[in-house]
Amino acid sequence: MARTKQTAKKATGGKAPRVTLQALHKKKDKVSAASKRPTPKQKPCINSFCVMCRDGGALLWICDEKYCRRVVCNQCLVVPDAEKDKLEADNITFKCVTCHWKQNQANPQPYFGFYSQGLPVLAHPPLVQGTFQHATSSQVASLPTALVHLHLDGLQVGHAQVNMMDSYFQPYFPKGSYHFSHLAFNLTTQESLLAYEKEAMDLTHFLSSFSRVVLFLTTHSDEERGDLFSGQIDGKPVASKVSEVQCLQLLFNPLTKIVRGADIIFNVCGSVVTVQESFNDLKEVAHKFMPRSMILFDAQHLQLASTTPYLLSLLDSIIVQGFDVSQAAKFALNDCALLGRHSNIFIFMWRSEGQGVQKVEKTLGRAFASPVPPMWNHAEVGVWFCR
């Protein structure tokens, strides 16, 4: 019998005096080496939603192909009543439409869905309801996922955007394999730093078994130096260098085990990438903490409302459909034609040896990819992938 289951201030820029955070803290800075994020042994998790309609149903057919975790509901794939009894027999296997396409691209064959010893069980191909479009690597949310909003204490910018992301993604994880949290920081006093470190370490321990972590970092950035706002002194905001011995190291040290392999979205204004010193510091941070990707924008006064459609499309492709970041970045360009009038996009990511780096240019919301030599570079237009 085929297997089944059931289921259901707008800109982030400004000016602030630069301070050296180490000078503010009498506590000696003990920097622990970045350790490899543990990867818990997990059995493949079967999708909870139909790969075709992205919804549940009274009956979900589970694909039996090796390594496939997709399911198809009985509303998208309609089996005639007269033939349903055939599916109760022993040794019946189900092949989802995606696996069928992958195996028969060179020589298209009719899709029967249900097989016994490699032969179709149904007399005629089942009815596929509606139309849909996705890549052969598409699925619907199966890995335990956490969204974390790391934000400057007292800063109101960014909450609406991240809360909307949470509302969008939470329904795809009906079995508790999803977590959303806010983590505020103020790095300017020893007391506030210790409080942040404790909360961050507790969160790291809680999320240690999550396969996918997306971290939003929301703070202001100094328009001239690219420094990140790290807190307040006597009620006045102060900024600190991006570099690993300054702001980002203090932020990421207690989160090391979840930052490694995470996708980090910087909700900060563009000076952090347009100022060369700050841009170089970002490279150092990437090498030290090794997130899977870091996503930034170069708009001088970043409006989060302009980036939200892009990020929602990007994260839908990454979190729900399981695409690689580089693929998802290109797809998302088609959903945000207006973003190109506001900002370019920088994506820092790691690539295997020999793959090189790609530059993706954005023209009227359409993406065009072309190979370029591996380099750290500034963008003139569109998205740049940086090794």
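User: Is Cys 96 buried or exposed in this model?

Analyst: Keep in mind that this is a predicted model. Cys 96 counts as buried, because its relative accessibility is 0%. Cys 50 is buried too, again at 0% relative accessibility.

User: How many disulfides does the structure hold?

Analyst: The general idea first: a disulfide is a covalent bond between the sulfur atoms of two cysteines. Here the structure holds zero of them. For Cys 50, the nearest cysteine sulfur belongs to Cys 53 and sits 3.9 Å away. For Cys 96, the nearest one is that of Cys 99, at 3.7 Å.

User: Okay, on to the overall picture. How much of the protein is buried?

Analyst: Of its 387 residues, 52% count as buried. The protein exposes about 18200 Å², with carbon and sulfur atoms supplying 52% of that area. As for secondary structure, there are ten helices and 21 strands.

User: Which residues have the most contacts inside the largest nonpolar core?

Analyst: In soluble globular proteins, nonpolar side chains tend to be buried together. In this case the largest nonpolar core has 81 residues, and those with the most contacts inside it are Leu 150, Leu 248, Leu 251, Leu 282 and Tyr 310. Helix H9 (residues 304–320) gives the largest share of this core, eight residues. Apart from that core lies another, of 24 residues, including Val 51, Leu 87, Ile 92 and Phe 114.

User: What is Leu 248 in contact with, leaving aside neighbours within four places in sequence?

Analyst: Its partners are Leu 217, Leu 228, Val 242, Ser 243, Phe 266, Leu 282, Val 285 and Phe 289.

User: And a helix? Which residues of H3 are buried?

Analyst: H3 covers residues 159–169, and its buried residues are His 159, Gln 161, Val 162, Met 165, Asp 166 and Phe 169. Strands E10 (145–152), E11 (178–185), E12 (212–218) and E16 (263–267) are included in what covers them, as is H9.

User: Where is Glu 83 found, and what does its side chain make a polar contact with?

Analyst: Glu 83 is in the loop between E5 and E6. Glu 83 counts as buried because its relative accessible area is 9%, under the 20% cut-off. Its side chain makes a polar contact with that of Lys 86, at 2.9 Å. Not counting residues up to four places away in sequence, Glu 83 also touches Val 121, Leu 122, Ala 123 and His 124.

User: What about backbone angles: what is the phi of Asn 91?

Analyst: Phi of Asn 91 is near 65°, a positive value in a residue other than glycine. Asn 91 is in the loop between strand E5 (77–78) and strand E6 (93–94), and counts as exposed at 58% relative accessibility. Gln 117 has a positive phi as well, of about 55°, and is not a glycine either. Gln 117 lies in the loop between strand E7 (114–116) and strand E8 (119–120), and at 77% relative accessibility it is exposed.

User: Last one: over which residues does pLDDT stay under 50?

Analyst: Where pLDDT is low, the predicted coordinates should not be read in detail. For this protein the mean pLDDT is 77, and 73% of the residues reach 70 or more. Residues 27–44 stay under 50, yet the model has 34 contacts for them beyond four places in sequence. Residues 352–383 are also below 50, and that stretch has 86 contacts in the model beyond near neighbours in sequence.

Methods
Residues are numbered from 1 along each chain as its sequence is written. This is a predicted model: local features need pLDDT of at least 70, side-chain atom pairs count only at pLDDT 80 or more; totals for chains, interfaces and linings use all residues. Side-chain values use heavy atoms; hydrogens and water are left out. A nonpolar core is a set of buried Ala, Val, Leu, Ile, Met, Phe, Trp, Tyr and Cys residues joined through side-chain atoms within 4.5 Å. Buried means under 20% relative accessible area, exposed over 50%, partly exposed in between (1.4 Å probe, protein chains only). Helices (H or I, at least four residues) and strands (E, at least two) are DSSP runs, numbered from the N terminus. Contact means heavy atoms within 4.5 Å. pLDDT is the predictor's confidence in each residue, from 0 to 100. A polar contact is a pair of N or O atoms within 3.5 Å; within protein, one must be able to donate a hydrogen and the other to accept it, and residues adjacent in sequence count only if both atoms are side-chain atoms. Accessible areas come from the Shrake-Rupley method with a 1.4 Å probe; for residues, only the protein chains shown count as cover. A disulfide is a pair of cysteine sulfur atoms within 2.5 Å.
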